[in-house]
Structure formats: C-alpha cells, structure tokens
Amino acid sequence: MATRNRWRLKPRLSDLANHNDLGKIPALLAQLRRSVIAEASLGAAILVIVGVMSITPPARHLQPDWPFSFRLDWSNLALSPDARFSLNTGGVLSIVGTVLLVFAVAVGRYRRWMVGVGAIILVVGGLIAGNAISIDAYPTTYMRPSAAYNAISVANGMLLYGDSCAVCHGVAGYGDGPAAADLKPKPADLTAQHAATHTAGDLYWWLSHGIKETAMPGFKESFSEDERWDLINFLRALSTAERARSLAPVTEADAWLVAPDFAYGTDRGESKTLKDHRGDKIVLLVLVSLPESRDRLEQLEKMAARLTSASVEIILVPSDAQGYRNAVDSAVSQLPVVTEGNDEIFKTFSLFNHSFETDRNSPEALLPKHTEFLIDKRGYIRARWIAKEGGGWLNIENLLQEIETLQNEKSQVPAPADHVH
Ligand code: HEC
C-alpha cells in the first residue's frame with residue numbers, strides 16, 4: 001500500500017498538477033486519502049496485535065485446546081485403501097477446478113460460468129480429499145503430557161493398568177482379558193502398531209472420557225491427571241515393546257526404541273540418571289536375576305576393565321536389591337549395583353524383554369531372567385541379549401564388537417524428547 005501511495009498515486013498527482021489537469025485532482029486526492037487511511041489502520045492493527053501478544057502467556061506455557069472434531073493426518077492413508085482412492089479423486093477434481101479457474105482468467109468468454117463451475121469443482125474436490133485424510137480429534141489432542149517418559153511413570157502406569165484395565169485389555173494388552181469375550185466391539189489390542197500413531201492427547205481424552213458407544217469407560221473420576229499420563233506412558237512402552245520383540249544381540253541400524261529415562265542410586269552411593277550418560281557413554285543395562293545371573297556376573301566382572309576402557313557404563317539392575325546383596329558375596333561381584341530405583345527400572349525394561357520365542361501371555365513372561373541391553377549415546381536401545389536364549393553375548397567378543405559398531409556409527413537421529421507425543 002505504501003509503495004502504491006508513494007510510487008503510483010503521488011507521481012500521478014504531480015503529473016496532473018504539472019499539466020494543469022485540475023479537474024481530475026479531487027478524485028485522485030480522495031483515492032490517496034483512502035489509501036493512506038487504510039495503511040495507517042493496518043499499522044495500528046499490527047500494534048494492537050503486538051500489544052495483546054505481549055500481555056498473553058507464550059503458547060509454550062499453555063496447553064493447546066484443539067477446536068475441531070477432526071484433524072488431517074496422512075497416516076490415515078496407510079490404514080484404509082478407500083482413503084487413498086478418495087484422496088486421488090479429490091486431488092484430480094481440485095486440479096480440474098483450478099484449470100477451469102485459470103482458463104476463466106485467461107479466456108474472456110463464458111468467464112462467469114467457468115469461474116462458478118471451477119470454484120464448485122475445486123471446493124468439492126478439496127472436501128473429498130480433506131475428508132480422506134481427516135481423523136477424529138478432541139480438545140486434548142495436542143495436549144502435552146505432564147509426566148515425562150521415565151521408568152517411574154511407566155512402572156506406575158503398569159500397576160494401574162494391572163488393576164483397572166487388564167480385565168478387558170488382557171495382561172499383555174492384546175485385548176483378550178477375561179471380560180473381553182462378551183464385549184462388542186472387542187477391547188482394543190493395545191500392542192498394535194496403530195496405537196502408537198494416536199497422539200498422547202487422543203489417548204488422554206479416551207482415558208478421561210471413555211469411547212462413545214463402546215464398553216471403554218472414562219477414568220476421569222478414578223485417576224488423577226498424572227495417573228492418566230502414567231498410564232499413557234505405559235501404553236506407549238507397551239506398544240513399542242511389541243515391536244521390540246525383534247531386537248537381537250546384533251545392533252539394529254535404525255534407532256527407534258527410546259529407552260525410558262530413569263534415576264538410580266548404587267550401593268556405592270552414586271546417584272545418576274540414564275540421561276547423564278547421553279553424548280558420553282554407551283550403557284550396558286543388565287537386568288539381574290539370581291541365581292541365573294551368577295556366572296554371567298563373574299564374567300562381566302572380569303571384563304569390566306575392557307568395557308570401561310571402551311567407554312561403556314555398566315548398570316546392574318537386580319529385581320530385588322536386598323536379595324541380591326544377601327545372595328552375592330563380595331567375591332562374586334565388585335561391580336556397583338543399583339539399589340535405589342531398581343524396582344521400577346527392572347519392571348519397565350522387562351517390557352522390552354520379550355522376543356518372538358516368549359509367549360507374552362504366559363505368567364513366566366512377567367518374570368524375565370538375565371537380560372542385557374545396549375543403549376547408544378543418544379538414549380536408544382539398539383541391541384538386546386536374553387541369556388536363556390543362549391549364544392549372543394555369552395561370547396564377550398560379540399558384545400565388544402556391537403559396542404565398537406555403536407562407537408563408530410555416525411548417526412543423524414536426534415536424541416528422543418522427554419515426553420511422548
Ligand atoms: C470394560 C472393559 C474395558 C476396560 C475396563 C478398559 N477398556 Fe479400554 N477399551 C475397551 C473397549 C471395548 C475398547 C474398544 C473401543 C473401540 O473399538 O473403539 C477400548 C479401547 C481402548 C483404547 C483405544 C485404543 C485404540 O487404539 O483405539 C485405549 C487406549 C484403551 N482402551 C485403554 C484403556 C486403559 C488404559 C484402561 C484402564 C485404565 C482401559 N482401557 C480399560 C474396553 C475397556
């Protein structure tokens with residue numbers, strides 16, 4: 001607007017004055033006046049907006065409140081073949097509509113008809129395509145969790161899950177609890193990959209308000225906000241755990257399995273968090289269970305110097321710290337052992353302790369024996385060895401080789417966020 005005022009209207013005005021064409025001046029002057037007023041109003045509006053923003057809390061500190069009952073998400077295409085068809089149809093219609101509109105501008109004839117028809121086709125096409133990738137959304141869809149994704153939260157969620165959800169969804173989350181048989185629709189399989197594509201806020205809405213026209217109840221009254229987020233952290237761990245069954249003693253090229261953070265204290269009086277080792281050390285997390293772990297502990301002890309010099313932090317997590325201390329005489333292991341926080345860490349990482357050989361519904365699945373995880377420097381679990389499956393890192397050279405692979409890799413994947421999304 002300013003450019004127009006300065007470079008178009010003003011020169012024209014002086015032109016008219018120079019050529020003594022005074023009759024046209026009042027109209028041009030009025031135009032210039034309107035334009036200057038509009039420019040000044042826009043400037044004032046910007047000031048008002050900035051003023052309001054300066055006294056509004058920044059969005060980062062507020063929970064977003066999604067106003068629509070839908071949102072657009074490309075992942076919908078992968079779930080339904082119909083959606084892809086609709087998207088293509090809508091896309092073609094939109095292109096036809098756009099072409100008609102362009103023609104209408106370029107060709108003078110039938111302009112009104114072409115604009116009308118083109119606009120209708122464009123809008124209809126847009127709606128069809130939008131509908132194909134739109135999925136249900138709720139006011140809390142983009143809410144940020146108040147509980148970080150860590151072992152305490154996951155273990156707490158696990159406890160609540162066992163008490164309140166397993167009857168329908170089953171102990172291992174497959175949707176096969178004792179109460180499931182009579183329900184229609186059936187309780188959801190919470191280990192399914194698609195459960196991980198809902199936003200944390202979607203899950204929060206369902207946990208709070210239930211799911212309409214199904215048996216899924218709302219838990220707003222029974223669980224606090226933090227407890228519901230704990231459940232969601234547990235659900236996230238549960239569905240990634242299903243995918244984690246493919247982990248092997250050989251490092252996966254993809255870093256995708258986030259190791260839930262944890263704080264721990266050892267019998268040497270150190271207290272640290274897993275995150276403290278980020279960017280610095282590779283972590284060998286060992287779930288210890290006696291007496292199965294005894295021989296392996298001796299072996300690790302002998303190897304400790306070599307592992308440490310390869311900048312590996314060994315974290316031994318017993319299921320029962322007191323029992324461990326009673327059972328392990330100091331001659332067996334000099335390695336520091338986690339005595340604070342071990343319970344939650346053990347429970348949480350036990351979720352990632354199933355291979356395709358374990359039947360996750362068996363009672364034994366809940367009581368894993370000796371297992372080791374390699375966690376890379378950014379906080380992703382990259383390899384796993386389940387002792388009772390034999391082979392693997394029983395030969396410690398294999399373990400050292402995986403460590404070397406991780407040391408040498410140049411990965412671009414950023415470290416995971418503190419909260420689930
Ligand atoms: C009375 C049985 C029952 C109980 C108890 C129950 N659910 Fe459900 N839940 C269902 C049913 C049925 C569905 C499937 C609804 C559908 O098909 O849309 C469901 C769906 C869900 C979903 C949606 C999954 C998806 O991907 O669509 C989540 C998440 C969920 N439940 C979590 C929980 C949690 C966590 C608890 C415990 C706090 C719980 N449920 C307790 C019956 C139950």
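**Entry 1**

I started with A310, which counts as partly exposed at 24% relative accessibility. I was working on a predicted model. I placed A310 in the loop between α10 (294–309) and β7 (312–318). I then took the C-alpha to C-alpha distance from A310 to W256: the two are 24 Å apart in space and 54 residues apart in sequence.

I looked at S311 next, and it sits in the loop between α10 and β7. S311 is not a glycine, yet its phi is positive, at about 45 degrees. I noted a relative accessible area of 23% for S311, so it is partly exposed.

N20 belongs to the loop between α1 (2–18) and α2 (25–54). Its relative accessibility is 60%; the cut-off for exposed is over 50%, so N20 counts as exposed.

I then listed cis peptide bonds. K184 and P185 are joined by one, with omega about -5 degrees. I located P185 in the loop between α7 and α8. Another cis bond joins L290 and P291, where omega is about 5 degrees. I located P291 in the loop between β6 (282–288) and α10.

**Entry 1: the iron atom**

Which residues coordinate the iron atom of the ligand? I found H169, through NE2, and M216, through SD, at 2.0 to 2.1 Å. I recorded six donor atoms around the iron atom, with angles of 87 to 178 degrees among them, and the site is octahedral. For reference, the ideal angles for six octahedral donors are 90 or 180 degrees.

I checked where the two residues come from. H169 is in helix α7 (residues 166–169), while M216 is in the loop between α8 (200–209) and α9 (225–243), so the pair ties together parts that are 47 residues apart in sequence. Is H169 buried or exposed? I read a relative accessible area of 11% for H169; buried means under 20%, so H169 is buried.

**Entry 2: the largest pocket**

I looked up the largest pocket, and its volume is about 1,000 Å³. It is lined by 43 residues, of which A188, H198, W206, I211 and M216 are the closest to its centre.

I then sorted it by element. At least two residues come from each of α3 (75–79), β2 (134–136), α6 (151–164), α7, α8 and α9. Which element gives the most to this lining? I found that α8 does, with six residues. By domain, I noted at least three lining residues from each of domain 2 (74–132) and domain 3 (151–244).

**Entry 3: the cavity**

I searched the whole structure for cavities of 30 Å³ or more, and one turned up. The largest cavity has a volume of about 40 Å³. I listed its lining as A259, D261, L274, K275, R278 and G379. By class, I counted two nonpolar, one polar and three charged residues there.

Terms used. Residues numbered from 1 in each chain as written. Predicted model: local features only at pLDDT ≥ 70, side-chain atom pairs only at ≥ 80, totals over all residues. Heavy atoms only, no water. Donors = N, O, S within 2.8 Å, 3.2 Å for Na, K, Ca; no water. Tetrahedral: all angles 85-135°; square planar, octahedral: opposite > 155°, others 65-115°. Helix = DSSP H or I, 4+ residues; strand = E, 2+ residues; numbered from the N terminus. Buried < 20%, exposed > 50% of the residue type's maximum accessible area, 1.4 Å probe, protein only. 1 Å grid on protein atoms, 1.4 Å probe; cavity = no way out; pocket = protein on both sides within 12 Å on 5 of 7 lines; lining within 4 Å. Points joined across faces, edges and corners; volume = space filled by probe spheres on them. Domains from an automatic or database assignment. Nonpolar A, V, L, I, M, F, W, Y, C, P; charged D, E, K, R; others polar.
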